[in-house]
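Thanks, everyone. Please bring up the sequence and the model, and I'll walk you through two parts of it.

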Amino acid sequence: MKKTFFTPGPTQIYPTIAASIQAGLHEYIASISHRSKEFENLFSQTVNNLRQLFAIPKEYSVFFVSSGTEAMERIIENCVETHSFHFINGSFSKRFYEIAGELKKKPSEVSAEYGEGFDILHASIPPGVEMICLTHNETSTGVMLPLPEIYALKKQYPRSLIALDIVSSAPYTNLDFRFLDCVFFSVQKGFGLPAGLGILIISPQAMEKSVRLTRKGIMTGSYHSFNTLSEYALKHQTPETPPVFHIYLLNAVITHMLDRGIDNIRRDMTEKKTILYQFLDSHPILQAFVTNKKFRSSTVIVMQTGEHTTKLRQFLFTHHLIVGEGYGKYKNQQLRVANFPATSLDEMKQLVTIIKAYYQK
Ligand SMILES: *Cc1c(COP(=O)(O)O)cnc(C)c1O
């Protein structure tokens with residue numbers, strides 16, 4: 001029986017994956033050496049396609065890591081000597097902050113209630129912070145921060161590096177990298193791939209910072225320090241044996257996205273989220289958790305389902321529609337619906353129809 005996953009990661013598999021797995025096996029991708037010309041070609045094709053999809057400037061480096069969480073750790077290790085600053089409004093932004101503390105830095109933060117955003121431009125950021133860290137889309141709460149305000153931070157604090165987690169907003173987000181220094185995502189959300197691969201994009205300034213810290217004798221990591229990653233990336237390789245098959249699948253998904261046209265994908269996603277939000281806003285009982293439309297996520301829609309949470313989730317399940325549970329303390333009060341490229345407009349319409357049916361029972 002066909003199931004449709006609206007879970008915010010791992011999630012529905014991108015529709016072309018099955019064929020790409022077959023093709024990859026046929027090409028013996030899982031067996032090739034990561035030091036071979038064949039892998040180097042795959043590496044450079046994938047990076048070039050990523051650059052095209054996200055309009056990444058050529059001076060920026062693109063690295064393969066193992067997860068979004070790893071990217072957070074690498075960023076703090078390589079760009080922060082003592083002081084990072086964090087915007088916290090959910091579990092993932094909190095994790096970024098905690099990592100800085102665990103690495104013995106001295107992070108500071110501004111927090112917002114779950115479900116709310118920030119007055120980014122008036123946040124009291126201590127002078128001299130080395131890096132400002134933000135989560136573009138808080139997957140735990142369904143809050144998305146407005147990019148123009150994030151960009152304005154770079155103008156307000158030109159000496160600070162800006163790190164942006166786009167794990168659950170890529171590839172919906174259309175970024176202007178001029179205002180960003182470290183950007184990362186993992187592939188089990190918007191790219192509809194199995195988990196286990198992360199992408200880290202860094203500016204020349206972030207790279208220089210890492211070099212300065214290393215020169216000062218500060219520990220910037222070993223096999224995945226920016227320096228080691230960059231040394232190997234120049235040869236179109238990775239320091240370790242990477243998940244070659246995974247990189248192959250990512251390249252296949254991106255190639256498909258480029259063919260489909262990223263603008264078309266984004267337009268379809270906008271249409272899908274509009275259908276769901278309009279339904280929630282006009283429903284007598286159900287509500288969107290995020291009430292301020294300025295901060296409503298386009299890619300993870302959190303529904304305030306209250307006492308119906310468990311029964312509604314079960315009802316959807318019997319119709320082979322899998323939605324995400326609420327996060328943490330909201331587990332029994334909310335359901336989360338991912339709006340990623342892998343699901344179709346018809347599937348989103350079907351989800352709405354079945355939710356409607358549940359409340360009409
Ligand atoms: C899922 C997620 C992460 C963690 O990514 P992993 O690949 O699981 O380490 C980080 N940030 C956000 C916003 C996420 O949604």
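Start at the ligand. An N or O atom in the Ser186 side chain sits 2.7 Å from an oxygen atom of the ligand. Keep in mind that this is a predicted model.

Asp165 places a polar side-chain atom 2.6 Å from a ligand nitrogen atom. Gln188 has a polar side-chain atom 3.1 Å from an oxygen atom of the ligand. How much of the ligand's accessible area does the protein cover? On its own the ligand has 380 Å², and the protein covers 89% of that.

Now the shell. There are 14 residues around the ligand. Coming nearest are Thr69, Thr139, Asp165, Ser186 and Lys189. By type, the shell holds nine polar residues, three nonpolar and two charged. Which helix gives the most to it? Helix H3, residues 68-79, with three residues.

Next stop, helix H8. H8 runs over residues 244-260, which is 17 residues. At 1.5 Å a residue, H8 should span 24 Å. The C-alpha atoms at its ends are 24 Å apart, so the two values agree.

Look at which H8 side is covered. The buried residues of H8 include Phe245, Tyr248, Leu249, Ile254 and Met257. His246 and Asn251 are buried as well. What covers the buried residues of H8? The cover includes helices H1 (17-26), H2 (37-54) and H9 (262-282). It also includes strands S2 (61-65) and S10 (198-202).

Note on methods
Residues are numbered from 1 along each chain as its sequence is written. This is a predicted model: local features need pLDDT of at least 70, side-chain atom pairs count only at pLDDT 80 or more; totals for chains, interfaces and linings use all residues. Side-chain values use heavy atoms; hydrogens and water are left out. A residue is near a molecule or strand if one of its heavy atoms lies within 4 Å of it. A polar contact is a pair of N or O atoms within 3.5 Å; within protein, one must be able to donate a hydrogen and the other to accept it, and residues adjacent in sequence count only if both atoms are side-chain atoms. Accessible areas come from the Shrake-Rupley method with a 1.4 Å probe; for residues, only the protein chains shown count as cover. Helices (H or I, at least four residues) and strands (E, at least two) are DSSP runs, numbered from the N terminus. Ala, Val, Leu, Ile, Met, Phe, Trp, Tyr, Cys and Pro count as nonpolar, Asp, Glu, Lys and Arg as charged, and the others, Gly among them, as polar. The expected span of a helix is 1.5 Å times one less than its number of residues. Buried means under 20% relative accessible area, exposed over 50%, partly exposed in between (1.4 Å probe, protein chains only). Contact means heavy atoms within 4.5 Å.
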